[in-house]
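Hi,

Here is the structure I promised to send over. Have a look at it first, and then read on for what I found in it.

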Amino acid sequence: MNKAATGMILTQIAQTATEVAAIASARLRGFGRKNDADQAAVDAMRRSFQDAPFAGKVVIGEGEIDEAPMLYIGEELGAGGIAVDIAVDPLEGTKLCAHDAPNAMTVVALAPKGGLLHAPDMYMDKLAIGPGYPPGLIDLDLSPTENVTRLAKAKGVPVSAIRACLLDRERHHGIIEELRRAGAGVRLIPDGDVAGVFWTTEAARSGVDIYFGSGGAPEGVLAAAAIRCAGGQMQARLKPETPEEEERARKMGRDVHAKLTLDQMVSGDVVFAASGVTHGSMFEGVHFEGDGAHVDSLVWDSFTGRRTRIRSVWAQA
Ligand code: VTB
């Protein structure tokens, strides 16, 4: 199958999956039941993959087979067709959804088999910027100060016009202090670093130029898919915290502490889709109006280079 046709099929599958998951979890916004909201998203997403015209296999999912009955790593889904790696975060920001707080979303990345890093569930250090900068501008081995200074220079603005984004965690206090000393603005988010990373791809709209800090490695690969589609830059490094995690990371067959490039996380073409559950910097969140559920999504496709922003209305029974 040619690239354009593969991209077309995968965008349809990814869009449907994030939309149905967003509608299902949006019904549970604000009730404080994050696991129920997550389950609703998982169920809806899984059903949509079951009927889809592909031979999908989950490489980033809800966990290992013994800890997740659905969308577990290795689960095979689909009605048959091209072999595809599936990466999902059915509800990114379960707590945000449970609190009806901004920026909960559903996320999927699809790539031809072998295209996505099978990241183990542990922390990963991440660094990302959007498109339009010279290659190699940012580097995880440089200090935060050096990274924001280079970025400001490349953007042609003072450092004070650069806005960094990080998860609001104690482990990031050192970086936050340093960034503030360097003169950069800092946006601290309670959860949801997939959004934090992809905001850099639309800096004018989101107000975020650069993403720093550690979060889930699976979320890192999903975010890398977005960066790949938008043409931005990203580096990452696994952060195993126990001997068991070291072992798991080593099983991936690489130097555990080596920097991961964008190509190592997403090796070829990919489709990235995300739908808003609650309102946020990039999405309106699901609206239920009359008999329809209105869903706001981004569906990006590196096969054709198309990045689509879509507002769908699903008729509700
Ligand atoms: C990270 C981040 C996610 O949860 O996994 C975070 O990648 C959990 O981090 O986007 P802590 O262990 O520091 O709480 C999210 O923010 C939401 O799932």
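Let's start with the ligand: the shell around it is made up of 7 charged, 4 polar and 2 nonpolar residues. Keep in mind throughout that this is a predicted model.

In total, 13 residues surround the ligand, and the closest are Glu92, Tyr123, Arg169, Arg171 and Asp191. As for secondary structure, two strands each give at least two residues to that shell: S5, covering 123-129, and S8, covering 210-216.

Glu92 has a polar side-chain atom 2.7 Å from an oxygen atom of the ligand. For Asp193, a side-chain N or O atom sits 2.8 Å from a ligand oxygen. With Glu219, the corresponding distance from a side-chain N or O atom to an oxygen atom of the ligand is 3.5 Å. And how much of the ligand's accessible area does the protein cover? On its own the ligand has 420 Å² of accessible area, and the protein covers 74% of that.

Now to the helices. Two packed helices are described by the angle between their axes and the distance between the axes, so that is how I went through the pairs.

Take H1 (residues 3-26) and H2 (residues 34-50) to begin with. Their axes come within 8 Å and cross at roughly 150°. Angles over 145 degrees count as roughly antiparallel, so that is the label for H1 relative to H2. The crossing of these two helices, H1 and H2, is right-handed.

Then there is H4 (residues 144-155) with H5 (residues 173-182), where the axes come within 9 Å and cross at roughly 40°. That angle makes H4 oblique to H5. H4 also passes H5 in a right-handed crossing.

Cheers

Conventions
Residues numbered from 1 in each chain as written. Predicted model: local features only at pLDDT ≥ 70, side-chain atom pairs only at ≥ 80, totals over all residues. Heavy atoms only, no water. Near = heavy atom within 4 Å. Polar contact = N/O pair within 3.5 Å; in protein donor to acceptor, adjacent residues only side chain to side chain. Areas by Shrake-Rupley, 256 points an atom, 1.4 Å probe, with all protein chains shown as cover. Helix = DSSP H or I, 4+ residues; strand = E, 2+ residues; numbered from the N terminus. Nonpolar A, V, L, I, M, F, W, Y, C, P; charged D, E, K, R; others polar. Axes fitted to C-alpha atoms, helices over the stretch in contact; angles between N-to-C directions. Parallel < 35°, antiparallel > 145°, perpendicular 65-115°, else oblique. Left-handed = near helix turned anticlockwise from the far one by under 90°.
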